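Please look through the model below before reading on.

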Amino acid sequence: MGRRGRKKQFWLTEQQADDLAEKAKRACMTETDLIRLLLRGYAPPERPGTEFFKDMNRISEFAERLQTLSAVTSGVEAQELLSSEAEAWRGFRLEMERKYLIPERRKSEWQ
């Protein structure tokens, strides 16, 4: 991102200011970052609940255990199977992060 050289000020109603603050809080962003993201055409996802992060940590633990097992298991086939399973779990975890945490590009007639 380039250097920010222009300052913009604008007025909001009390309700608009409250809405902006609430939406920024739900997306775990500052109000300024939320506005910048919206201007680039992205809709920020709301931050998932704590249950999501617990599940993501469990997935990581499973993948690490599988990786450890593949290192100590004898036999090339067993090691390959466990390694591929660990990679599948890591891939699933990344997919979940993309689905729940990464902003989605919006369609707009302005772009």
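Asp33 is partly exposed, because its relative accessible area is 35%, and the classes are buried under 20%, exposed over 50% and partly exposed in between (1.4 Å probe, protein chains only). The model is a predicted one, in which local features need pLDDT of at least 70 and side-chain atom pairs count only at pLDDT 80 or more, while totals for chains, interfaces and linings use all residues. Residues are numbered from 1 along each chain as its sequence is written, and side-chain values use heavy atoms, with hydrogens and water left out.

Asp33 forms a salt bridge with Arg36, and the closest N and O atoms are 3.2 Å apart. The term stands for a side-chain nitrogen of Lys or Arg within 4 Å of a carboxyl oxygen of Asp or Glu. Because Arg36 and Asp33 are three residues apart in helix H2 (residues 31-39), about one helical turn separates them. Helices (H or I, at least four residues) and strands (E, at least two) are DSSP runs, numbered from the N terminus. Arg36 has 26% relative accessibility and so counts as partly exposed.

How many salt bridges does the structure hold? The number is three. Besides the pair in helix H2, there is one between Arg90 and Glu87, with the closest N and O atoms 3.0 Å apart. Both of these residues lie in helix H4, three residues apart, or about one turn of the helix. Arg90 is partly exposed at 32% relative accessibility, and Glu87 is partly exposed with a relative accessible area of 48%.

Glu97 and Arg93 also join their side chains in a salt bridge, at 2.4 Å from N to O. This pair lies in helix H4 too, with a spacing of four residues, about one turn of the helix. Glu97 is partly exposed with a relative accessible area of 22%, as is Arg93 with 23%.

The next topic is the domains. The assignment gives domain 1 (12-47) and domain 2 (48-106), with bounds that come from an automatic or database domain assignment. Into their contact go 10 residues from domain 1 and 10 residues from domain 2, where contact means heavy atoms within 4.5 Å. The C-alpha centres of the two domains lie 31 Å apart. Between them, domain 1 and domain 2 bury about 810 Å², of which 53% is on carbon and sulfur atoms. Buried area here is the accessible area (1.4 Å probe) that two parts lose on being put together, summed over both. Tyr42, Pro45 and Arg47 supply 54% of the area that domain 1 buries against domain 2, more than any other three residues. How many salt bridges are counted between domain 1 and domain 2? The count is zero.

Arg47 sits in the loop between strand S1 (42-43) and helix H3 (50-72). Neighbours within four places in sequence aside, Arg47 is in contact with Arg26, Ala27, Cys28 and Phe53. The C-alpha atoms of Arg47 and Ile102 are separated by 9.9 Å, and the two residues are 55 residues apart along the chain.

Leu101 belongs to helix H4 (residues 76-101) and counts as partly exposed because its relative accessibility is 35%.
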